[in-house]
Amino acid sequence: MIRRPPRSTLSSSSAASDVYKRQADYVSAELPGVRVLAVPVGGYIFAHPNYVGPDAQSEPETARLSDFQRDALLFQPHLKSACVQALGVDSWQCFIPTTAYTYVSTQMVVIEAQTDSTVLFGFSDAPFKNEPSVQQYVTEFRLNATKVAQNVADSNQNAIFSPCCFMHTGFERHRPTILGTDFYDLITHAAFNTTKQPSYVDSCQGFNCSTDCPGHESSR
């Protein structure tokens, strides 16, 4: 009888950057012989400029490069992490989830919408309005989101589920889907298989255009 190693799944939502900066590799180190799978949901955030067009908001917290640098100095996060050791004087960049991700050795399945509505309309000064200037900002944001998603897709061990939906953490069974696959399918494959699982980065045309985006009608 072939015995499989015990498994543990570590998941965190929204402020899931802690998974990248400390928790995943820490839990793996504390559980020798256990196969740990990290599943951050809605936390694979990249540094980006704020929206500055008409009706720009004035959010108390945003996600510009300077914001991450300030917050890293304020919170002094995880000074012994592999990322901090690798970047040295630039270690404040480890506070950016998409940077810290690179230095995590634990296997991950990243769940992140390309048009994360909480980040776009809560941490970027963009108004939730269907106007040309906002559409342009969302288009540029999505372009960058798909680039960092591809970094995960190109990994030898990790995978990402990256739909184009105005959502943050509300992923459901069968909603949304990409080519008939939902986030749960990806997690299940990673948890019970040792082969490289495929990634799903939607290239649909439009906004909120993935199949069955929850809470919204698709606008292809």
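**Note on aromatic pairs and disulfides**

1. Y51 and Y137 are both buried. Buried means under 20% relative accessible area; over 50% is exposed, and values in between are partly exposed (1.4 Å probe, protein chains only).

2. This is a predicted model: local features need pLDDT of at least 70, side-chain atom pairs count only at pLDDT 80 or more, and totals for chains, interfaces and linings use all residues. Residues are numbered from 1 along each chain as its sequence is written, and side-chain values use heavy atoms, with hydrogens and water left out.

3. How many aromatic pairs does the structure hold? The count is 8. Rings of Phe, Tyr and Trp (its six-membered ring) pair if their centres lie within 6.5 Å. Planes under 30 degrees apart count as stacked, over 60 as edge-to-face, and the rest as tilted. Y51 and Y137 make an edge-to-face pair, with 5.6 Å from centre to centre and 80° between the planes. Y51 sits in the loop between strand 2 (35-41) and helix 2 (65-75), while Y137 is in helix 6 (residues 132-153), so this pair ties together parts 86 residues apart in sequence. Helices (H or I, at least four residues) and strands (E, at least two) are DSSP runs, numbered from the N terminus.

4. Now take F171 and F183. Their ring centres are 6.0 Å apart and their planes meet at 50°, so the pair is tilted. The pair links distant parts of the chain, 12 residues apart: F171 is in the loop between strand 6 (166-167) and helix 7 (183-192), and F183 is in helix 7. F171 has 10% relative accessibility and counts as buried. F183 is buried too, with a relative accessible area of 17%.

5. Which residues form one aromatic cluster? They are F121, F128 and F166.

6. Next come the disulfides. A disulfide is a covalent bond between the sulfur atoms of two cysteines. The rule used here asks for a pair of cysteine sulfur atoms within 2.5 Å. By this rule there are 3 disulfides. Counting bonded cysteines along the chain, their pattern is 1-2, 3-6, 4-5.

7. C83 and C94 form a disulfide with sulfur atoms 2.1 Å apart. Is it left-handed or right-handed? The torsion about the S-S bond is about -95°, so this disulfide is left-handed. C83 lies in helix 3 (residues 82-87) and C94 in the loop between helix 3 and helix 4 (97-100), so the pair ties together parts 11 residues apart in sequence. C83 is buried at 4% relative accessibility. C94 is buried, also at 4%.

8. C165 is joined to C213 by a disulfide, S to S 2.0 Å. The link is left-handed, with -80° about the S-S bond. C165 lies in the loop between strand 5 (159-162) and strand 6, and C213 in the segment after strand 7 (200-201), so the pair ties together parts 48 residues apart in sequence. Both C165 and C213 are buried.

9. C204 and C209 form a disulfide, with sulfur atoms 2.0 Å apart. The link of C204 and C209 is right-handed, with 70° about the S-S bond. Both cysteines are buried.

10. What of C164? C164 is in no disulfide. The nearest cysteine sulfur is that of C209, 3.8 Å away. At 0% relative accessibility, C164 counts as buried.
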